[in-house]
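Student: Please take me through one part of this structure closely. I would like to look at a ligand site and then at what surrounds it.

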Amino acid sequence: MKPKIIVYMRVDERVIKDLEKDFDVTIFQNHEYLGNPQFDQALKEAEGIIGLALKVTKDLLDAGPNLKIVCNVSVGYDNLDIGEMTRRKIMATNTPGILDDTTADAIFGLLIATARRIPELDHFVKSGSWTISLQPEQYGVDVHHKTLGIIGMGNIGSSIAKRAHFGFGMDILYHNRSRNLQAEKDYQATYCDMNSLLEQSDFVCLMVPATRETADLMGKEQFKRMKKTAIFINGSRGKNVDETALYEALKNGDIHAAGIDVYKEEPTPSNNPLLQLKNIVTLPHIGSSTTECEFNMSKLAAENLKRGLRKEKPLTLLNECFT
Ligand SMILES: NC(=O)C1=CN([C@@H]2O[C@H](COP(=O)(O)OP(=O)(O)OC[C@H]3O[C@@H](n4cnc5c(N)ncnc54)[C@H](OP(=O)(O)O)[C@@H]3O)[C@@H](O)[C@H]2O)C=CC1
Ligand SMILES: O=CC(=O)O
């Protein structure tokens, strides 16, 4: 009998076909969770899970007594209770590194789209409103040669810095808990404390993981510190931003505009007040979502799963529980 596994949302079709050669696969595509009879039954028997953003909690682990490995098709792993998984010797893996350029393209694209008001002006043309000359109120702001502050100068933050430095001649400030000497050397990035970064940057881009420490890292006080002309970009996780404070900052003109790819709740409800504002550009969490990148992430996650269930060390293991 083949070992049973769960494929949970957004795993590439070709990779699923390959997994079916070795495993008995049950597929869930639509946020199914505990309480759904099919999901509960599959979880009871599954040795592995591969997929995106499944909330792996103590309750879920209790309901999956045979689980040996959970393989995220993402670099972020705030959906996994790593402590509890390690205590139970269940392996956790993610997909670091291979999505840096793709995500940086998307987040830098979001920054440009926000600064140059691309979605709004696209609508202006397509709705037939371009019957007179453009008005100054519709102008955007320059990106090139401005100051970009990156909070979270890790793999993706560095790829964003590369684009900003070489492509747009921007000055780069950054804030981490520790210095990134490579980014300082390669992109002339300057390390600074968070308050100085917020006060000096024309663009603030958030790229930290979602942890207990980063919850609501950007709140009322932080938005107040930013320049009134500045633009805020969140490419990290919605948990890192107080959405009410962001709404107030945008509405009151404490900051000029924002571009966000991620939300507290995803999919974000259509009545999220942020969606009513004109000075925000929104994306549906698509940082790494290109055909090529999603395939490569699925492939890496599947390789991790195969290795783990063969009792070999997965390539990108997150917890120290391999025995
Ligand atoms: N929008 C999307 O589609 C995507 C979003 N993401 C999100 O981006 C995140 C970052 O990914 P990646 O660049 O690969 O991760 P990395 O681990 O390479 O980088 C994270 C950076 O954040 C810094 N950091 C961590 N905690 C803090 C803190 N408390 N205060 C300040 N800085 C901090 C780290 O530096 P130090 O440790 O020195 O503090 C590090 O430089 C992911 O965790 C994920 O949530 C990722 C991919 C796609
Ligand atoms: O949000 C995507 C990820 O890879 O993390």
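Tutor: A residue counts as near a molecule if its C-beta atom, placed from the backbone, lies within 6 Å of it. With that cut-off, 30 residues lie around ligand 1. Gly-76, Gly-154, Arg-177, Pro-209 and Gly-287 come nearest. Keep in mind that this is a predicted model. Its mean pLDDT is 97, and 99% of the protein's residues reach 70 or more. The model scores are ipTM 0.99 and pTM 0.97.

Now the make-up of the shell. Around ligand 1 there are 16 polar, 10 nonpolar and 4 charged residues. Helix H7, residues 155-168, gives the most to this shell, with 3 residues.

The domain assignment gives domain 1 as 4-98 + 292-309 and domain 2 as 100-282. Each of them supplies at least three residues to the shell around ligand 1. The centres of the two domains, taken over C-alpha atoms, are 31 Å apart. Direct contact between them involves 5 residues of domain 1 and 7 residues of domain 2. On the domain 1 side, the touching residues are 2 nonpolar, 2 polar and 1 charged.

Compare ligand 2. The residues around it are Ser-74, Val-75, Gly-76, Leu-99, Gly-287 and Ser-288. By class, that shell has 4 polar and 2 nonpolar residues, with no charged ones. Gly-76 and Gly-287 are on the list for ligand 2, and they are also among the residues that come nearest to ligand 1.

Next, the strands. Strands of a sheet pair through backbone hydrogen bonds, either parallel or antiparallel. Here, 7 strands form an open sheet with parallel pairing, in the order E8-E7-E6-E9-E10-E11-E12. Its edges are strand E8 (190-191) and strand E12 (280-282), and each of these pairs on one side only. Inside the order, strand E10 (residues 231-234) pairs with strand E11 (residues 257-260) over 4 bridges, in the parallel sense. Phe-232 has Ala-258 of E11 as its bridge partner.

Strand E1 is another one to trace. E1 covers residues 4-8, and 4 of its 5 residues are buried. Strand E2 (residues 24-28) runs parallel to E1, and 5 bridges join the two. In that pairing, Lys-4 has Asp-24 of E2 as its bridge partner.

Note on methods
Residues are numbered from 1 along each chain as its sequence is written. Chains are lettered from A and ligands numbered from 1 in the order in which they are written. This is a predicted model: local features need pLDDT of at least 70, side-chain atom pairs count only at pLDDT 80 or more; totals for chains, interfaces and linings use all residues. Ala, Val, Leu, Ile, Met, Phe, Trp, Tyr, Cys and Pro count as nonpolar, Asp, Glu, Lys and Arg as charged, and the others, Gly among them, as polar. pLDDT is the predictor's confidence in each residue, from 0 to 100. Domain bounds come from an automatic or database domain assignment. Two residues are in contact if their C-beta atoms, placed from the backbone, lie within 7 Å. Two strands pair if DSSP finds at least two bridges between them. A residue is buried if 20 or more other C-beta atoms lie within 10 Å of its own, exposed if 12 or fewer, and partly exposed in between; C-beta atoms are placed from the backbone.
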